[in-house]
Amino acid sequence: FMEFILFFGSFLAGLIGASSGLGGGVILMPLMVIFFGINPLNAIGASLLGVIVTSLGGSVHFLKKELVDLKTTALLETATVPGAIIGAFLATMIPEGILLVIFGIILLLSVIQKKAKTKDSHVKYPKHKTLGWIIMLIAGLFSGLLGMGSGALKVVAMDRVMKMPFKISTATSTFMIGVTAAASAATFYHLGYILPKITTPLVPGVLLGSLVGAKLVTTIKIKSLRLIFTVVIILLSAELIFEGVQRLLS
């Protein structure tokens, strides 16, 4: 029964991750820690695999639609990959309660976005590449630290700072998170925190969800996408902060 619930939860994580550019880890990590009592480091390792699968499943559709900005991806991954490796090592040194509280706060901050403005398709982008690169370095750090694709930070950087169209930002973020998560996952695998009994039901669920989510993002209204994004993240962030504080006080 646990395997089925984990599969279903992974499906929802993949769907939300691919349709919003978040990467699925924002759902997977809390799901495993809060509802299944899995050790946070094992949850982070498994979540990173889910993020990779979300990226692969979603990116196939986005690449066909030519929504992924590959040139910008190449530039920004020079920041996210080293950040992800550093974050993965830091995760093994920080108390579990603090990890959960940090995750909750980062998720809460990720929903503080203004409504995207309609952008002229002829306007040249991206803007502010240096600032975008710095934000991506931080995104990579949190990816390795918390087992998420840090898609929220990536979308904020591209949508708000670099002035890229929202759907381009979402598609490019979905593509990027796979590379970022792969760097972190390799580190967690080396440290022995990725367990097959957790990842076996997780991977197919996330893959199926990401394929469905990638198709949704090209049809659903951006306003609806942001609303779903906001509600889910607020609920999860509150639960994670509460759980983290409880662990620190116990």
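1. Of the 250 residues of the protein, 54% count as buried, where buried means under 20% relative accessible area, exposed over 50%, and partly exposed in between, with a 1.4 Å probe and protein chains only. The model is a predicted one, in which local features need pLDDT of at least 70, side-chain atom pairs count only at pLDDT 80 or more, and totals for chains, interfaces and linings use all residues. Residues are numbered from 1 along each chain as its sequence is written, and side-chain values use heavy atoms, with hydrogens and water left out.

2. The secondary structure consists of 10 helices and 0 strands; helices (H or I, at least four residues) and strands (E, at least two) are DSSP runs, numbered from the N terminus. Residues 24 or more positions apart supply 85% of the contacts in the protein with a separation of 6 or more, a contact being heavy atoms within 4.5 Å.

3. A nonpolar core is a set of buried Ala, Val, Leu, Ile, Met, Phe, Trp, Tyr and Cys residues joined through side-chain atoms within 4.5 Å. The largest such core has 44 residues, among which M32, F103, L107, L146 and F188 touch the most other members. Helix α2 (residues 25–36) gives the most to this core, namely 8 residues. Apart from its neighbours within four places in sequence, L146 contacts M29, I44, L99, I102, F103 and I106. A second, separate core of 16 residues includes V68, A79, A157 and I168.

4. Helix α3 (residues 40–64) has 25 residues and should span 36 Å at 1.5 Å a residue, which agrees with the 36 Å between its end C-alpha atoms; the expected span is 1.5 Å times one less than the number of residues. The helix α3 is mostly covered, with 19 of its 25 residues buried. At G58, α3 bends by about 30°, the bend being the angle between axes fitted to the seven residues ending there and the seven starting there. At the start of α3, a side-chain oxygen of N39 comes to within 2.8 Å of the backbone nitrogen of L41. Just after α3, E66 has a positive phi of about 55°.

5. Helix α4 (residues 70–91) has 22 residues and reaches 30 Å from its first C-alpha to its last, close to the 32 Å expected at 1.5 Å a residue. A kink of about 40° in α4 is centred on L76. The buried residues of α4 include L76, A79, G83 and G87. D69 caps the N-terminal end of α4, with a side-chain oxygen 3.3 Å from the backbone nitrogen of K71.

Key:
A polar contact is a pair of N or O atoms within 3.5 Å; within protein, one must be able to donate a hydrogen and the other to accept it, and residues adjacent in sequence count only if both atoms are side-chain atoms.
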